Amino acid sequence: MKSRVQFDNRQIIVALDFSSESSCLGMLEKLDPALCRVKIGKELFTRYGPSLVREIHKRGFEVFLDLKFHDIPNTVAGAIRAAVELGVWMVNVHASGGQAMLEAARKAADDNPAMKLVAVTVLTSLSAQDLLETGVNGYPEQQVLRLAAMTAACGLDGVVCSAKEIELLRNNLDGDFLLVTPGIRPSGDDASDQKRVETPGRAIAKGADYLVIGRPITQADDPTGKLQSIMKEIQSKI
Ligand code: C5P
């Protein structure tokens, strides 16, 4: 397995969880595209659509389009083709959509092999009991590993996972399989509503490839200064 302990600035993806376009673009004024990538999700995309992504691109940022597609294979393939046309850097689907859906997504993404296609395994908001109620027995980690292995077998680039799953997945899957990890908090920062958090340095040292970080950066007085201090912390741990 190749060493995961490497870091370049743009392994940090800033989650732009804003409700308005002006707040979102205002935040970009305070960030440097050489130091991070950005993520937009369902709220901003539903409100402003592809034109917002184009505005973000105009400002030089690469975009993770976090829409978690989950539908029949033909529909997901169409959505992935639309993401390719939009020119996003990364897009995601739900692994629980099944093998045929993942393969259709992979094939559709091949029009732009540089675009990263990753899958969500088990939402971290789901407990073992929640999973049981949907018919999934056993530990959530078993389901995470099962879905991650299927995602890898279907040729996707990686998964979104919680920091507590990094070692499990790193130990069981190929070293090139990307692990994208939210729930990151610099030591000393408020965890807010995140329950199981990890520091940026420890997450990278354990084998995460990309860290999704929202409020610790977007609510800082100096977002770029905060990014730089996070990078320093990471460099000190690897
Ligand atoms: O502000 P914070 O750093 O908690 O933001 C984390 C981002 O990662 C949010 O956009 C959230 O929706 C997303 N996310 C998460 N946990 C997951 C999957 C995604 O926090 N399991």
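Me: What should I keep in mind about numbering and confidence?

Reply: Residues are numbered from 1 along each chain as its sequence is written, and side-chain values use heavy atoms, with hydrogens and water left out. Because this is a predicted model, local features need pLDDT of at least 70 and side-chain atom pairs count only at pLDDT 80 or more, whereas totals for chains, interfaces and linings use all residues.

Me: Which residues of helix 7 are buried, and where do they lie around the axis?

Reply: An α-helix has 3.6 residues a turn, so residues three or four places apart point the same way. Helices (H or I, at least four residues) and strands (E, at least two) are DSSP runs, numbered from the N terminus, and buried means under 20% relative accessible area, exposed over 50%, and partly exposed in between, with a 1.4 Å probe and protein chains only. In helix 7, which covers residues 140-153, the buried residues are Pro 140, Gln 143, Val 144, Leu 147, Ala 148 and Thr 151. Down the helix axis they fall within an arc of 130° (taken from the directions from the axis to the C-beta atoms), so they line one face of helix 7. Contact means heavy atoms within 4.5 Å, and the buried residues pack against helix 5, strand 5, helix 6, strand 6 and helix 8.

Me: Which residues touch the most other members of the largest nonpolar core?

Reply: In soluble globular proteins, nonpolar side chains tend to be buried together. A nonpolar core is a set of buried Ala, Val, Leu, Ile, Met, Phe, Trp, Tyr and Cys residues joined through side-chain atoms within 4.5 Å. The largest one has 71 residues, of which Ile 12, Leu 16, Ile 40, Ile 56, Leu 65, Ile 80 and Val 93 touch the most other members. Helix 4 (residues 73-86) gives the most to this core, with 7 residues. A second, separate core of 12 residues includes Ala 15, Trp 89, Leu 178 and Val 180.

Me: Which residues are around the ligand?

Reply: A residue is near a molecule if one of its heavy atoms lies within 4 Å of it, and the residues around the ligand include Ala 15, Asp 17, Lys 39, Thr 124 and Arg 185.

Technical notes: Expected span 1.5 Å × (residues − 1).
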